[in-house]
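Biologist: I would like a close look at one part of this model, namely its aromatic side chains and what surrounds them. Please take me through it slowly.

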Amino acid sequence: KENIYLIEQNFNHTFKEVILILDNLNPTFLNVSGYKKLGGSQISNEDISYILNNIKKLINDSEQKETLIHIFNSSFVLDNKNLNKLPIGLYGDFYNQQLTSFSLPKNDIKNSKIAFNKCNIEIERILFKPFIKVLNRIKNYNIKDDHFFMIDLGLTKSSISIFENLSFKYYESFNFGTNVISTDVSKVCALKLDNVFNFFKEINF
């Protein structure tokens, strides 16, 4: 409350909403497919909504202790043909759409909302920090590939993020970083730790 009050005083503005960027949590990723038999008819917005609603219900029913945060479109397949975008308006017999869902523990979300509600602030949206970091890398390095992965090596924590069709497919973090790797490399190669640490500082994944 004190920190938010100081920020509001500096900006001469009272904040009512916040976009919350979370890290150091254990997200759940699910890859789910939905389909619709078309019988030669045209794909409509209603067909897409039908698939999405069924997938959301499936996720909510199977992950009752999780809160759905994001849904990413992974693939669009019409009559066994992979497409680059939603095929609304096209004709076909069978349409399949794969999505990747990203969920966080409900209790973590509830506790975050309670903390901000005590400051009279509503959480407008929740974002996952590793996802934001990857998007920044895509923009800064002008990545054109649809399929790629990013390895983030920190001092005490590492992670891997996997993208397919520019969709966030998978994320996992590990409780080790360059400190452990540097120690092992120094022992095997008989190098000083300072030299190994400086080497890893220059690496940019």
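Biologist: How many aromatic pairs does the structure hold?

Modeller: This is a predicted model, and it holds 13 aromatic pairs. In one of them, the ring centres of Phe11 and Phe15 lie 6.4 Å apart with their planes at 75°, which is over the 60 degrees required, so the pair counts as edge-to-face. Phe11 has a relative accessibility of 59% and therefore counts as exposed, while Phe15, at 28%, counts as partly exposed. Another pair, formed by Phe174 and Phe176, is tilted, with 5.8 Å from centre to centre and 40° between the planes. Phe174 is partly exposed at 29% relative accessibility, and Phe176 is partly exposed at 36%.

Beyond these two examples, a single aromatic cluster is formed by Phe29, Phe72, Phe102, Phe128, Phe131, Phe148, Phe163, Phe168 and Tyr171.

Ile51 leads on to helix H2, where it is buried along with Asp47, Ile48, Ile55 and Ile59. Seen down the axis of H2, these buried residues fall within an arc of 105°, so they line one face of the helix. An α-helix has 3.6 residues a turn, so residues three or four places apart point the same way. The cover over the buried residues of H2 includes strand E2 (28-37), E3 and E5, whereas the face turned away from the buried side carries the exposed Glu46 and Lys57. H2 itself runs through residues 45-62, and its 18 residues reach 26 Å from the first C-alpha to the last, close to the 26 Å expected at 1.5 Å a residue.

One further aromatic ring deserves a mention, that of Tyr50, because the charged end of Lys36 lies 5.2 Å from the ring centre, within the 6 Å limit, and sits over the ring.

Methods:
Residues numbered from 1 in each chain as written. Predicted model: local features only at pLDDT ≥ 70, side-chain atom pairs only at ≥ 80, totals over all residues. Heavy atoms only, no water. Helix = DSSP H or I, 4+ residues; strand = E, 2+ residues; numbered from the N terminus. Expected span 1.5 Å × (residues − 1). Buried < 20%, exposed > 50% of the residue type's maximum accessible area, 1.4 Å probe, protein only. Arc of directions from axis to C-beta. Contact = heavy atoms within 4.5 Å. Phe/Tyr/Trp six-rings, centres within 6.5 Å; stacked < 30°, edge-to-face > 60°. Lys NZ or Arg CZ within 6 Å of the ring centre and 35° of its normal.
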